[in-house]
Amino acid sequence: MMNKKLKVVMTVKLPDGVETRFRELFNTTLWLNKDPMPRDKMIEAAQTAEVLVSSINDRIDADFIDACGEQLKMIANFGVGYDHIDVARAVEKGIIVTNTPGVLTEDTAEMTMGLIIAVARRFVEGAETVQRGEFSAWSPTFMMGRRIYGKRLGIVGMGRIGQALARRARAFGMQVHYHNRKPVSQRISDELEATYWDDLDQMLSRMDVVSINAPGGPNTFHLLDAERLSKLQPHAILVNTARGQIVDEEALAHLLRGNKIAGVGLDVYERLPGINPELFGLPNAVLLPHMASSTIEARTDMGDRVILNIKTLQDGHRPPDRVIPAML
Ligand code: DGY
């Protein structure tokens with residue numbers, strides 16, 4: 001006999017195919033609006049839903065969790081990052097939290113590598129010049145960027161995405177360095193020929209390119225503050241596809257405006273809405289709208305992962321992608 005379908009409420013619009021599958025498997029209320037669900041509506045939903053499907057746009061803090069009804073069994077996050085969820089409070093209240101690890105690793109690493117090259121080789125500036133009809137002849141001194149082959153890449157956070165980026169960087173002839181809470185296994189270190197730095201400041205001051213690939217949350221808030229950022233070399237490029245709050249955005253804009261670093265590639269920002277306007281209009285800032293995992297494949301796989309977690313719960317088992325306080 002089939003288990004009773006769980007009452008699932010989505011706070012986020014997902015690709016149509018994923019939503020259809022949700023409707024087939026669960027008693028699902030879709031959120032068809034492209035804008036995130038307002039907080040009062042979310043609280044309302046959390047008082048009737050057995051599963052809430054959330055995203056990074058939702059602030060699931062202690063107050064929100066306290067306002068959830070007793071019937072809420074699970075918050076199934078559509079995304080790998082869970083820094084917007086007070087997991088400890090949820091677990092205390094007996095609510096399971098799940099995420100979507102693994103399925104967006106390659107896409108995020110791909111985008112990060114792309115950003116590194118885009119900044120170093122001035123893709124956006126060059127493309128805009130052509131679009132404006134300003135390109136008429138090749139010139140030996142026009143649009144000179146910087147080669148990345150043979151350069152040192154410092155990865156801050158050597159989890160799945162950091163390692164996937166390192167593999168790509170090796171293929172592009174970069175030397176991989178990294179800072180992490182602890183070194184990666186010998187096997188991975190050998191494969192990537194990676195150099196571990198326990199001292200982040202030391203690493204930052206020696207790299208040509210630095211990429212942030214650490215999780216967000218209180219442990220990494222402003223990990224790159226003004227003082228740390230000042231360690232970067234004037235020719236260095238900083239790329240962040242992880243979480244905006246890891247970098248002090250104001251200090252970063254200040255460095256960039258003062259030509260103290262060569263360029264930035266950002267996919268994430270400290271505050272949304274409210275990107276620091278000092279970052280706008282700079283030719284050496286490639287700014288993307290948080291799209292690192294935005295491929296049809298990743299977004300479908302993320303949806304499938306959320307479905308798997310809910311279906312496992314519906315079938316009476318423990319969902320595979322539970323976030324547990326020990327992971328925080
Ligand atoms: C995540 O999954 O946490 C990304 O930031 C959004 O895809």
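Analyst: Start with the record. The unreviewed UniProt entry annotates residues 25-323 as "domain: D-isomer specific 2-hydroxyacid dehydrogenase catalytic". UniProt positions follow the numbering used here, feature names are shortened, and annotations may be inferred rather than shown by experiment. This is a predicted model: local features need pLDDT of at least 70, side-chain atom pairs count only at pLDDT 80 or more, and totals for chains, interfaces and linings use all residues. Residues are numbered from 1 along each chain as its sequence is written, and side-chain values use heavy atoms, leaving out hydrogens and water.

User: How much of residues 25-323 is helix, and how much strand?

Analyst: That span is 34% helix and 14% strand. Helices (H or I, at least four residues) and strands (E, at least two) are DSSP runs, numbered from the N terminus.

User: What order do the strands take in the open sheet?

Analyst: E2-E1-E3-E4-E5, with parallel pairing. Pairing needs at least two DSSP bridges between two strands. The edge strands are E2 (27-29) and E5 (96-98).

User: Which helix lies across E1, E3, E4 and E5?

Analyst: H12 (residues 296-314), at about 160° to E4 (74-77). Angles run from 0 to 180 degrees between N-to-C directions, with axes fitted to C-alpha atoms, for helices over the stretch in contact (heavy atoms within 4.5 Å).

User: New topic. Where is Ser293?

Analyst: In the loop between strand E12 (285-287) and H12.

User: Buried or exposed?

Analyst: Ser293 is buried, because its relative accessibility is 10%. Buried means under 20% relative accessible area, exposed over 50%, partly exposed in between (1.4 Å probe, protein chains only).

User: What does Ser293 touch?

Analyst: Leu104, Asp107, Thr108, Ala298, Arg299 and Met302, not counting residues up to four places away in sequence.
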